[in-house]
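Trainee: I am new to this structure and would like to learn how to read it. Could we go through it together, one feature at a time?

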Amino acid sequence: MNIATSRFGEINVDESRIIDMRGGILGFEHLKKYMLRIQNEKNPFWWFQSVDDGKVAFVVINPFITNADYKPVIDDNDTKLLEIENTEHVVILAIVTILQNPFSVSVNLRAPIVVNAEKKIAKQVVLEDQTYPVRYYLTPAGSRDETSTTRDN
Amino acid sequence: MLILTRKLGESITIGDDIRITFLEAKGKQVRIGIEAPPHIAVHREEIYQLIREQNIKAAKGDNIEKDTLPDFLEGLKKLLLKDQQEL
């Protein structure tokens, strides 16, 4: 099938690669189908494109690239929901927020997208471990949006 | 809003498959246990709101387009290379 996207134009979607987002992404609960788009092998930033709404896409990154000691704990409920039997098939993606003015790049380590790559099921999992921030900045402190009204954990 | 009074150890049920049990009260803190099916997401409200807002920001991404991503990567690489060998 083909879908029209705002960023990539008309793209062909291989239906066997569609990921079923159980529960959706918070704030986008109505969108259940996504696909992973890797633009360039050398670029660690990938796109998590909604198949239901071509305008919605998230930049994602493998959080182990930014935090080698990242240890997300997936609870029993989510393990069951994601039908995880073998952790080898689990892929973890962290949503990246890129803001231009001022330039800041942050990674959401508190609520990663956990994918069962074998069964193509995923969920944005909110980790119990409060030490993982919603905004883990890759850019220096000087360039942050300090007008934000929300706290970081 | 429905308001109920419960003793510790007592529960309330919501629908057929959600049960909330009041476990412990200490000063202004209350510990509750929640049993719900896996498809029902249970979150602390403030973290739920924070993640929701962050997701919305990320999706807007100041209109980051596919072609601009490599530029951001280049900028970032320079910053990251200080403490990492490669990205």
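Mentor: Gladly! Let us begin with one residue. Leaving out residues up to four places away in sequence, Ile113(A) touches Phe48(A), Val60(A), Leu93(A), Ile95(A), Ala122(A) and Gln124(A). Contact here means that the C-beta atoms, placed from the backbone, lie within 7 Å. This is a predicted model, in which local features need pLDDT of at least 70 and side-chain atom pairs pLDDT 80 or more, while totals for chains, interfaces and linings use all residues. Residues are numbered from 1 along each chain as its sequence is written, with chains lettered from A and ligands numbered from 1 in the order in which they are written.

Trainee: Which residues have the most contacts inside the largest nonpolar core?

Mentor: In general, nonpolar side chains tend to be buried together in soluble globular proteins. Here the largest nonpolar core has 39 residues, and Phe48(A), Phe58(A), Val60(A), Ala94(A), Val96(A) and Ile113(A) have the most contacts inside it. Such a core is a set of buried Ala, Val, Leu, Ile, Met, Phe, Trp, Tyr and Cys residues joined through C-beta atoms within 7 Å. Buried means 20 or more other C-beta atoms within 10 Å of a residue's own (exposed: 12 or fewer; partly exposed: in between). Among the elements that each supply at least two core residues are E7 (90–100) of chain A and helix H1 (45–60) of chain B. E7(A) gives the largest share, 6 residues. Helices (H or I, at least four residues) and strands (E, at least two) are DSSP runs, numbered from the N terminus.

Trainee: Which residues of H1(B) are buried?

Mentor: They are Leu50(B), Ile51(B), Gln54(B), Asn55(B), Lys57(B), Ala58(B) and Ala59(B). Their cover includes E6 and E7 of chain A.

Trainee: What is the order of the strands in the sheet of chain B?

Mentor: Strands of a sheet pair through backbone hydrogen bonds, either parallel or antiparallel. This open sheet has 3 strands in the order E1-E2-E3, with antiparallel pairing; a pair needs at least two DSSP bridges. E1 (11–14) and E3 (29–35) of chain B are the edges, each with a single partner strand, so one side of each has no neighbour in the sheet. Between E2 (residues 18–26) of chain B and E3(B) there are 7 bridges, and Thr21(B) has Gly33(B) as its bridge partner.

Trainee: How do the elements of chain B run from the N terminus on?

Mentor: They run β-β-β-α-α. Of the 87 residues in chain B, 14% are buried.

How values were computed. Contact = placed C-beta atoms within 7 Å.
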